[in-house]
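Subject: Structure handover

Hello,

Here is the structure we spoke about, with the sequence alongside.

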Amino acid sequence: MRTATFALFFGVAYLSAGLLGLVPAALMPAPAGAPPVTVTVLYGYLLGLFPVNVVHSAAHLAIGAWGIAAWRSDHLGRGLGSPKTYARVLAIFYSALAVAGVIPMMSTLFGVLPLHGHDVWLHAGTAAIAGYFGWRTEIVVERRGGNGPDRREKALPVDHERRLGHSDRRIPGSEV
């Protein structure tokens with residue numbers, strides 16, 4: 001898979017998670033033992049697993065939109081950051097969030113962003129996959145212009161030429 005495909009896939013996934021976090025019906029109330037947060041707008045457990053609030057959902061929306069923009073910039077060949085930069089920043093950012101989610105005093109990022117529970121392994125997994133795509137070397141296959149199949153990929157017949165006895169390609173049937 002190309003790094004641009006990774007950026008598109010994770011962009012759509014995080015954009016979807018951000019949108020789903022803004023739907024009250026998708027949120028379960030936080031359990032009694034959950035760490036307290038100061039931003040309680042749309043605070044709950046997304047699908048009963050992942051603690052989110054409006055700030056968390058907004059962060060997911062921004063990361064998802066950036067992933068789609070990184071894919072588009074690679075696809076169109078212009079601006080808004082490369083997919084490789086997106087993957088590298090995502091790896092570093094989500095590694096820090098996974099570590100912060102394990103530390104009791106930082107598990108809610110000062111009460112603003114809930115990072116505890118299942119978010120820890122989700123952020124660690126995202127960081128690992130993003131790190132792979134961010135720092136691997138990609139093999140780039142040269143593509144020729146045009147819509148026809150490439151002779152390097154599919155065997156195509158070659159027209160009659162001089163090697164078959166035709167001395168002049170402009171005059172069919174002429175011989176040496």
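Helix packing

In α3, the residues K84, A87, R88, L90, A91, I92, Y94, S95, L97, A98, G101 and V102 meet V120, H123, A124, T126, A127, A130, G131, F133, G134 and W135 of α4. Sorted by class, this contact of α3 with α4 holds 14 nonpolar, 6 polar and 2 charged residues. Please keep in mind that the model is predicted.

As for the geometry of this pair, helix α4 covers residues 118–135, and its axis lies 7 Å from that of α3, at an angle of about 155°. Angles over 145 degrees count as roughly antiparallel, so α3 is roughly antiparallel to α4. The two helices cross in a left-handed sense.

The other pair is α1 with α3. Helix α1 spans residues 3–20 and helix α3 spans residues 83–102; their axes come within 8 Å and cross at roughly 55°. That angle makes α1 oblique to α3. Which hand does the crossing of α1 and α3 have? Here α1 passes α3 in a left-handed crossing.

On the α1 side, the contact is made by T3, A4, F6, A7, F10, G11 and Y14. On the α3 side, the residues are P83, K84, Y86, A87, L90 and Y94. By class, the contact of α1 with α3 comes to 10 nonpolar, 2 polar and 1 charged residues.

Regards

Conventions. Residues numbered from 1 in each chain as written. Predicted model: local features only at pLDDT ≥ 70, side-chain atom pairs only at ≥ 80, totals over all residues. Heavy atoms only, no water. Axes fitted to C-alpha atoms, helices over the stretch in contact; angles between N-to-C directions. Helix = DSSP H or I, 4+ residues; strand = E, 2+ residues; numbered from the N terminus. Parallel < 35°, antiparallel > 145°, perpendicular 65-115°, else oblique. Left-handed = near helix turned anticlockwise from the far one by under 90°. Contact = heavy atoms within 4.5 Å. Nonpolar A, V, L, I, M, F, W, Y, C, P; charged D, E, K, R; others polar.
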